[in-house]
Amino acid sequence: MAMRWQWIFSGLFLLSGAAQAGIGVVFDDPFSTDSGLPQHPGQTWKGVAQQLPALPTSPTWPAALAAKTWTLPELTAWALAHNPQTASAWEALRAQAAALGVAESAWLPTVTFSTSAARRQAVSTAGFSVPARNSTMPSLSLSYTLWDFGLRAAKTDAARAQEWVAGYTQNQTLQTVIFDVTQAYYQLLGGQALLAADAKTVAENQKALEAAEVLHQAGQATIGDLYQARASLATAQSTYAAQEQTVRSAEGSLASSLGLPPDSVIQISPLSPDSPPPSALSAGVEALMHAAETANPALQQARAQVAVARANVRSAQAQGLPSLGVTGSYGYQFQGGFQPGDTWSVGLTLTVPLFTGFNNHYAVREAEATARQDADTLAATRNSTMASIWQDYHGFQGDLAAYPGASSSLANARKALEVVLAQYKVGQATIQDVLQAESTLAQSRYTLIANLVNSYVALAQLSQAVGMPVGATQP
């Protein structure tokens with residue numbers, strides 16, 4: 001008998017354990033949150049792409065716009081109106097303006113309307129039942145802060161300064177978009193000019209090969225001359241093919257800077273090696289550095305951030321001080337079986353934070369440290385801004401100073417090739433002389449084009465560092 005009861009208890013124990021294990025499995029993940037996860041480490045997650053917001057549609061580029069020849073100012077205006085970066089920065093500024101409205105609302109009272117409806121029935125301990133009664137009680141309540149030792153003013157000042165931060169951030173975004181368009185524009189111009197230069201180099205190498213073939217047939221040139229001319233032509237053709245892809249890449253970069261798909265067709269006027277460089281600056285570097293103190297948006301944004309931090313210090317200090325407010329309420333109760341009645345109250349509320357676990361103490365210390373950090377950031381931003389202006393100014397001046405020499409080198413290299421090629425045809429020069437003259441001419445073209453493009457990009461960089469246009473931005 002005892003053995004039988006032992007078996008029964010053992011069975012019940014096992015069943016109880018199994019039941020608890022089952023319950024544990026069920027309640028370990030009752031919402032099946034692990035159902036979409038990988039079963040083992042190293043496996044990719046399938047994701048929930050079908051539940052994510054849809055991707056925005058790509059902007060359209062009508063055929064009429066693709067056929068138009070665009071100038072840099074037109075492309076810049078298009079980018080400012082259609083690039084998602086400018087739209088995002090504008091919405092951020094609008095959001096911060098609304099946040100200022102939230103801070104300003106603290107100066108007004110709050111009025112709340114509430115109502116309740118209930119049906120109540122009670123039974124006494126003696127068993128008597130009280131008839132059910134329906135009741136409704138609408139009420140209005142009002143609260144207003146009379147005095148808070150500058151807390152609302154500090155929060156309003158912080159919100160207003162934060163709006164300044166957002167405004168200068170938007171201006172900085174606009175300048176970034178303008179510079180990106182300008183840089184991509186000149187990189188594409190330079191790439192197209194280099195492609196045209198490579199085409200000329202291919203044609204010149206083709207002429208040299210034809211001259212070598214004629215002389216070889218006449219017995220005045222060796223087979224080695226032919227091989228050297230063919231190798232030079234193959235190299236020029238390879239460079240041309242690679243430059244074609246560089247131009248395609250630059251076209252995509254320009255389209256992307258405008259907020260368009262990279263395969264958009266954008267027509268721009270070609271850059272000629274004979275195009276003049278930008279005009280010399282009328283202002284000196286010291287004047288530009290002085291102008292940047294009020295024009296550079298990044299510098300102004302850092303100044304506004306210091307204003308935010310200082311307001312936050314005042315706000316943290318006021319949090320630990322008393323506040324005085326007035327409250328009032330009025331209610332009217334309707335109850336079945338009874339006459340309606342009203343209730344009202346008016347009072348003052350004084351709040352004095354006596355001890356908050358040193359919360360206010362450390363909040364003030366945090367705000368003060370942040371203010372000092374933002375002040376140091378402002379100093380660092382000013383230093384970096386002035387250094388950028390100094391470097392960009394002298395980089396631009398260097399490009400201008402190098403242009404006359406690059407232009408003269410190209411003109412002389414052209415004449416040198418004409419002379420050497422004519423001498424080669426009459427046997428007074430070697431194929432090495434011809435190929436060297438062609439190489440010198442190709443390098444001169446590259447140097448002049450790079451100098452011209454770099455001068456305009458350097459001018460754009462200088463304008464961005466100053467915070468305003470400082471010279472011509474288009475040849």
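At the start of α4, which backbone nitrogen does a side-chain oxygen of Asn-83 reach? Select Asn-83 together with Gln-85: the oxygen comes to within 2.9 Å of the backbone nitrogen of Gln-85. The model on display is predicted, and its confidence should be kept in view throughout the tour.

**Confidence.** Colour the chain by pLDDT. The average is 88, and 91% of the residues score at least 70. Now select residues 1-5, where the pLDDT is below 50. Beyond near neighbours in sequence, this stretch makes zero contacts in the model.

**Helix α4.** Return to α4 (84-104). The helix has 21 residues and spans 30 Å from its first C-alpha to its last, close to the 30 Å expected at 1.5 Å a residue. Select Thr-86, Ala-89, Leu-93, Gln-96, Leu-100 and Ala-103, the buried residues of α4. Around the axis they cover an arc of only 90°, so they lie on the same side of α4. Pro-84 and Val-102, on the other side, are exposed.

**Helix α3.** Next, select Leu-72, Leu-75, Thr-76, Trp-78 and Ala-79, which are buried in α3. Viewed down the axis of α3, the buried residues fall within an arc of 160° and therefore line one face of the helix. Their cover includes α2 (63-67), β1 (69-70), α4, α5, α6 and β4 (267-268).

Keep Leu-75 selected and show its surroundings. Apart from neighbours within four places in sequence, Leu-75 contacts Trp-70, Val-181, Tyr-185, Leu-254, Leu-258, Ile-266 and Ile-268. Leu-75, Ile-266 and Tyr-424 are the residues that touch the most other members of the largest nonpolar core, which has 58 residues. Two or more residues of this core come from each of α3 (72-82), α5 (151-217), α6 (223-257), α9 (359-425) and α10 (431-466). The greatest contribution is that of α5, with 17 residues. Then move to a second, separate core of 17 residues, which includes Leu-299, Met-386, Leu-459 and Val-470.

**Glu-438.** The last stop is Glu-438, in helix α10. Is this residue buried or exposed? Glu-438 has a relative accessible area of 2%, and is therefore buried. Show its contacts beyond four places in sequence: Glu-204, Asn-205, Ala-208, Ser-232 and Leu-417. Finally, draw a distance between the C-alpha atoms of Glu-438 and Thr-201; they are 7.2 Å apart, although 237 residues separate them along the chain.

How values were computed. Residues numbered from 1 in each chain as written. Predicted model: local features only at pLDDT ≥ 70, side-chain atom pairs only at ≥ 80, totals over all residues. Heavy atoms only, no water. Core = buried A, V, L, I, M, F, W, Y, C linked by side-chain atoms within 4.5 Å. Buried < 20%, exposed > 50% of the residue type's maximum accessible area, 1.4 Å probe, protein only. Helix = DSSP H or I, 4+ residues; strand = E, 2+ residues; numbered from the N terminus. Contact = heavy atoms within 4.5 Å. Arc of directions from axis to C-beta. pLDDT = per-residue confidence, 0-100. Expected span 1.5 Å × (residues − 1). Polar contact = N/O pair within 3.5 Å; in protein donor to acceptor, adjacent residues only side chain to side chain.
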